[in-house]
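Welcome! Please take a moment with the sequence and the structure shown here, and then let us walk through them together.

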Amino acid sequence: MTKTVSFITENFDKYDPNSIDSYLNINGFTAVRKAITTLSSGEIINIAKSATIKGRGGAAYDTGRKWGQAAAVQGDNKVVICNADEGEPCTFKDRSILSKDPFRLIEGMIIAGYTVGAQNGYIYLREEYRHLKSLIKNAIKETMEKGFLGKNILGTNFSFHIHLHSGAGAYVCGEGSTLIESIEGKSGRPRIKPPYIKECGLFQLPTLVNNVETLAAVTAFIQNGTDDYIKYGTKLSPGTKIISLAGNVNKPGTYEIPFGITLREIIYDIGGGVVDNNKLKLCQLGGASGTIGSDSILDTPYTYEDLEKVGLIVGSGGILVVDDRTRVIDFVKSIQDFFIHESCGKCTPCREGNRQIAKIIDRFVQGTSGVNDLDTAERFANIMKNCSFCGLGETAQNVLLSAIKIFPDEFKRLEAVGK
Amino acid sequence: MNSTKTKSFEVLTKDLACKIDTIINNFGSNSTRLVGILLDIQDIIPKQYIPREVATYVSEKMNIPLSKVYDVISFYGALCDIPRADYVIQLCDSVVCKVTGNSFLQDTITTLLGIKENESTSDGKYWIESTPCFGACDISPAMRINGKVYGHLTTSESVKAVLDKYNEGSVMV
Ligand SMILES: Cc1cc2nc3c(=O)[nH]c(=O)nc-3n(C[C@H](O)[C@H](O)[C@H](O)COP(=O)(O)O)c2cc1C
Ligand code: SF4
Ligand code: FES
């Protein structure tokens, strides 16, 4: 029995993503038609609320609530941004949506635009997905030709345009205000808040930023209703989630799962288990900014509430499986290298903290660490967590802090080597 | 021998200037499109970089201070200000590729081409650099050559097979 489901991903491999006609044949654009000809903004917000979907970009903010706030902001010129920056290592589910079902995403953007009262939508596509650019450009063009985009869509007085912007290889640009800086043609450094981007975002206009999966999910809610969605999952985490499963697992890939199945079911039943029947050492959930867990968390159900109890997060939906060939310290170093590379340098805790912590981690890797090193690293990590300017610095040390907690012996052992 | 060509001071030919003008015009000469403009320009410059003369040209043409143009070039990983090669090979050094064995891939590529990271072959054909995760973790360990993704590179045969395509010239840029 397969444990995956298909609700948000129901169109995958069902049509030719290069052709709107092929999409129309599988009831494409019924969601847009239904939304803008029969539903009010408030009704759509209530549908999103009834699905209780939380944003799929990582921050897990309630989507219905976010749309409600965006719609309430005064202004007759607003912007919707689709965040397709997907820079979190071990996260590639947005790539699957973009390449297999670009029209569902476009529908989601149109619906979002209609709901919050925006005239323009922007897709911020990471440079690394440049091979998908022509596919998305074509999808926008064909949607326009069929009259679902442009002026007076379906004869209503709602007009909406979508623009495609390319990133240029900077993870921090996935953060909402930084992404906006980048679309404005600048280097990517986060903005101070307030003003919040919902009031003053791209080109100073009220702006709604949503992840690819969030937007695709809303299309599915409008098209199919939410009953078939909330029948999955648990009371506190209803519905489904698209995960990116990778690492030392036999069947890595993008899967849609119902909330509530256990990590063991995900890794062993869906993922076919650890490669070569190796012993699972750790998993990291939610990408490089997520925390790690040992094999003791395998029977934890994959829900927001249960993962939280064991110190893990859903985040972007990344699930990285690591077997016992990798040392914990080498794993931590790899993540640290990533954040050093990606820190934008705007604030001191993150810029300097990452650098100093890296030096300590390197000493552990080489077996030359001193007695106070672990305490110092932990102290710096906590400063970063509490004092960094943006989410990058706040989460960069999740790995180190959770590794120290879960595998204290690994650090102690290496410490002893250094003495 | 080709490598001397990359050091030529005549990077900004009339023809290139013309193409750059077209790119800038395609973006409506809009300063908010600077990132996209520079990416597109880099794509058409041999050895895949933004030479100083080109940065200056863009700055004058678009009326943007040169410092701002360089703020963008130096910030973004996908933009480069030194000449690379006809084919830029990017090896993912992020965590998924690491745990699935990218050090073997790194070693194999560097041995096969006889160059290290951030170096180009003497004929100016290949350049190797490491890069953060590009979202091909499901087929890790992975690399990109001029943006095209190759995965499952765990044996020397698989790595050679990819390089052979470029050596034979069967893959176009
Ligand atoms: C450093 C950093 C990187 C981020 N990268 C992404 C990303 O690549 N894609 C994404 O959707 N959200 C990313 N986010 C989260 C966004 O800031 C934002 O919460 C999200 O796009 C909102 O959409 P959602 O409510 O639909 O999840 C990132 C946040 C931070 C702090
Ligand atoms: S936390 Fe890091 S990425 Fe964020 S503003 Fe500070 S230096 Fe930049
Ligand atoms: S970690 Fe290498 S492609 Fe994602």
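## Around Tyr114 of chain A

Setting aside neighbours within four places in sequence, Tyr114(A) is in contact with Ala35(A), Ile36(A), Leu39(A), Ser40(A), Ser41(A), Ile44(A) and Phe158(A). Please keep in mind, here and below, that this is a predicted model. Tyr114(A) itself belongs to helix α6 of chain A, which covers residues 102-116. A polar atom of the Tyr114(A) side chain lies 2.6 Å from the backbone oxygen of Leu39(A), and Leu39(A) is also one of the contacts listed above.

How far apart are the C-alpha atoms of Tyr114(A) and Asn211(A)? They are separated by 17 Å, and the two residues are 97 apart along the chain.

## The surroundings of ligand 1

Ligand 1 is surrounded by 19 residues. The closest are Gly57(A), Lys66(A), Asn210(A), Asn211(A) and Thr214(A).

| Residue | Atom of the residue | Distance to an oxygen atom of ligand 1 |
|---|---|---|
| Asn211(A) | polar side-chain atom | 2.7 Å |
| Gly176(A) | backbone N or O atom | 3.3 Å |
| Gly87(A) | backbone N or O atom | 3.4 Å |

## Where the two chains meet

How many residues of each chain take part in contacts between chain A and chain B? On the side of chain A there are 48, in contact with 32 residues of chain B. The size of an interface is often given as the accessible area lost when the parts come together. Here the area buried between chain A and chain B is about 2900 Å², with carbon and sulfur atoms giving 57% of that area. Which residues of chain A lose the most area to chain B? They are Arg130(A), Ala168(A) and Gly185(A), which together make up 17% of what that side buries.

Several elements of chain A give two or more residues to the side that touches chain B: β3 (161-166), α8 (176-183), β5 (240-247), β9 (318-323) and α13 (328-342). Of these, α13(A) provides the largest share, six residues. Sorted by class, the side of chain A that touches chain B has 20 nonpolar, 16 polar and twelve charged residues.

## The domains of chain B

Now for chain B on its own. Its domain assignment gives domain 1 (14-75) and domain 2 (87-167). Taken over C-alpha atoms, the centres of domain 1 and domain 2 of chain B are separated by 28 Å.

## Some backbone details

Most residues other than glycine have a negative phi, and most peptide bonds are trans.

Glu86(A) is not a glycine, yet has a positive phi of about 25°. Glu86(A) sits in the loop between β1 (79-84) and α5 (93-100) of chain A.

Pro194(A) and Pro195(A) are joined by a cis peptide bond, with omega about 5°. Pro195(A) is found in the loop between α8 and β4 (207-211) of chain A.

In chain B, the peptide bond from Ser140(B) to Pro141(B) is cis as well, with omega near -5°. Pro141(B) lies in the loop between β3 (126-131) and β4 (143-145) of that chain.

Notes: Residues numbered from 1 in each chain as written. Chains lettered and ligands numbered in written order. Predicted model: local features only at pLDDT ≥ 70, side-chain atom pairs only at ≥ 80, totals over all residues. Heavy atoms only, no water. Contact = heavy atoms within 4.5 Å. Buried area = accessible area lost by both parts, 1.4 Å probe. Helix = DSSP H or I, 4+ residues; strand = E, 2+ residues; numbered from the N terminus. Nonpolar A, V, L, I, M, F, W, Y, C, P; charged D, E, K, R; others polar. Domains from an automatic or database assignment. Near = heavy atom within 4 Å. Polar contact = N/O pair within 3.5 Å; in protein donor to acceptor, adjacent residues only side chain to side chain.
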